[in-house]
Protein chains: 2
Amino acid sequence: MKAEIISIGTELLMGQIVDTNAAYLAGQLPALGVDLYFISQVGDNLGRLADAFTRALARSDVVLTSGGLGPTEDDVTRESIAAALGETMVVQPELERHLRAFFTRRGTGMPERNVKQATLIPSATAIPNPKGTAPGWWVEKNGRIIAAMPGPPREMTYMWENEVAPRLRKLTGGVTIASRLVKTFGIGEGKVDEMLSPLLKSNNPSIGVYAKPDGIHLRVTAKAATQSEAEALLQPMVEKVLATMGETVWGFDGDTLETSVGALLKAKGLTLATMESCTGGLLASVITDVPGSSDYFKGGVVSYTNEVKAASGVDAKLIAEHGAVSEQVARAMAAAVRTRCGADIGVGVTGVAGPSEMEGKRPGTVFIAIDDGRAARVFPTFWPGERSVIKRRATTSALFHLKKLLEGRA
Amino acid sequence: MKAEIISIGTELLMGQIVDTNAAYLAGQLPALGVDLYFISQVGDNLGRLADAFTRALARSDVVLTSGGLGPTEDDVTRESIAAALGETMVVQPELERHLRAFFTRRGTGMPERNVKQATLIPSATAIPNPKGTAPGWWVEKNGRIIAAMPGPPREMTYMWENEVAPRLRKLTGGVTIASRLVKTFGIGEGKVDEMLSPLLKSNNPSIGVYAKPDGIHLRVTAKAATQSEAEALLQPMVEKVLATMGETVWGFDGDTLETSVGALLKAKGLTLATMESCTGGLLASVITDVPGSSDYFKGGVVSYTNEVKAASGVDAKLIAEHGAVSEQVARAMAAAVRTRCGADIGVGVTGVAGPSEMEGKRPGTVFIAIDDGRAARVFPTFWPGERSVIKRRATTSALFHLKKLLEGRA
């Protein structure tokens, strides 16, 4: 099965945004056994877009698009598909009802121009989009398929995973893929590459190494005729990877550190509080990204100045003696916020986010303390980089150590 | 002058890399007054690539390519151009000498397959590439131009800036672009589109509407023969947009709300503190993303439970009487954190991030209070969505209202 991707939007041709949607979809197709020969970016222009669809339908079995499904005059993906197929768009009463209900829930009326998001052509059915107002289009005609998805990556990936990929999987049959994502933290991409060097030569299963904000991810993938054969091929390689990476591994597939930490806290009936300086609230924000986090997260303090640290229970003498960025102050922050918020576990994070040095310490210097009332552990780290990278890495590091402690493994 | 970009390389179709070269080139063309209608990614395949060149030469004046100029059998950009134009590649003794000298300097012999990097067709001249071994090709035939550049971004951008862009600038004879990005917050894309409807029909200057996490952005672009003419054309349209969008406008071009708020606080010598519940630390984190924010940000409290709110100075009776998600509690949070942290301005944010209701209030219900010690203002908002969207929007909303208050405009 031959596929082609068309990413739609004038902003792609202005260089204002990079087309990550196409790269995402391209990365998804091999697992479905679908070959990809062409990707293109086309602006919001009816004539050029209709041409692009006509050409794509002449040479590809499946055309995947993202973008141009919005309510504005600019958005002409539907119109272009209709033009390429010589069909007419008709408002669907049920889709319209659904759309109006969305705006009613939002407490506003529906702008009249949004009604075009409720249209279909005879060859198309609507693909549900619970993440936004624009349903996608699934078009089948003359043995060709068009799947038109919305442009916002969050909406597009959701629709791909839950609607479009399953439909394509049914159509392709054939080769199956088993795949596992192993997530590590604490060592760099080059070092991981070196450690896995003998395994990386393997072709099936294969291993991909990806640097992500929450550490290095390893994608192990096996292909076979059936799912159980693919799984059987996959498993020994995953075990080799786990044996090699040891304690740096913190999760698999869709796991996030904040979700795993939350599940552990819930299971153990423990509560958490944070006091952070260099991460500036990011640690608390990531923890509270998890629905239901109010069950175990009591609250936190962003102690961006020494006065606020002192007012929140950190002994000012410690700061004067050791500096705000020190093991001692991290420890005192964890203990103080634990008591103040009445939590079982307190986490303290102090460090230098940069770009300037502080107290003679270089950006990237961070102390993370975890106090459970019986014992306190401090993890000093140094990993330089940009301000946002330091904040993100310190946050990940705090959650990583917290997870290991909750598992009794550090 | 109409241009088109072809990015060449099978890895682009595997989703292994994102095509940043195309986005870079796309961003460069407006300033040259060159219109870009198509971008595509094509694999290292002679037949498909030759087709892509034939089609591109039929519809575009200039074809810019990157990739496929390496020495391996996979690299067939030259071969595809030759095939599309019906010309034959011939080794150029001078280029070959140059190439051999490069390898000699490196202390190795030249692998024989590299000799194809020293070829040309009659319509092509070589574009020097001091950053690598592969010279580019500048092809002129029948009034069409192909500029074939290497794939590695460092080599491509160098060749673009020093060789290709200057040649194109000469050819276009100076159409120039002036452009301004206007950033708004508080109303949806459909509504903005409706408000600007009469202006959106204009072709030069043109207006693009983009939905972003920090609101709706409007890109106004004007083309003219000189920069000052373009600016003169741009200005009245920008003023019309500003008049239409009124108080929803909060910034231009590279502005961010957190940077603007920080600059205003610094200029006025004021300090800030935050107490937040539903945003869970995101507001403090965004504020502290700005380098130097420790000059004006004292700190914050993430009061995720009523006990922490009470322990941080919010009257428990207010919570019992009005609920934690209420105008009264938002006001008390702003006042309490202002006092506790010794700041000039306190911001309180309380709301329901979801997915569940709280106190019978629906996810998306948020109260933002700002207290400067003399007066307190509360902004109730309701904008439903996913948890992460609600957190992000409440944070943006708090910064937006804070900016307007600091400017004395709300």
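**An open sheet in chain A**

In chain A, four strands make up an open sheet in the order β10-β11-β9-β12, with antiparallel pairing. Strands (E, at least two residues) and helices (H or I, at least four) are DSSP runs, numbered from the N terminus, and two strands pair if DSSP finds at least two bridges between them. The edges are held by β10 (206–212) and β12 (249–252) of chain A; each has a single partner strand, so one side of each is left without a neighbour in the sheet. Neighbouring strands of this sheet are turned by 25° against each other on average, direction ignored. Such angles are taken between axes, which are lines fitted to C-alpha atoms (for helices over the stretch in contact); they run from 0 to 180 degrees between N-to-C directions.

This is a predicted model, in which local features need pLDDT of at least 70 and side-chain atom pairs count only at pLDDT 80 or more, while totals for chains, interfaces and linings use all residues. Residues are numbered from 1 along each chain as its sequence is written, and chains are lettered from A and ligands numbered from 1 in the order in which they are written.

Within the sheet, β9 (residues 176–184) of chain A pairs with β12(A) in the antiparallel sense over three bridges. Here A:K183 has A:G251 of β12(A) opposite.

A helix accompanies these strands. Helix α9 (residues 227–245) of chain A lies across β9, β10, β11 (215–224) and β12 of chain A, and runs at about 15° to β9(A). Residues are in contact if their C-beta atoms, placed from the backbone, lie within 7 Å.

A further pairing involves chain B. There, β14(A) and strand β14 (residues 297–302) of chain B pair in the antiparallel sense over three bridges, and A:V302 has B:G300 in β14(B) as its bridge partner.

Terms used:
Two residues are in contact if their C-beta atoms, placed from the backbone, lie within 7 Å.
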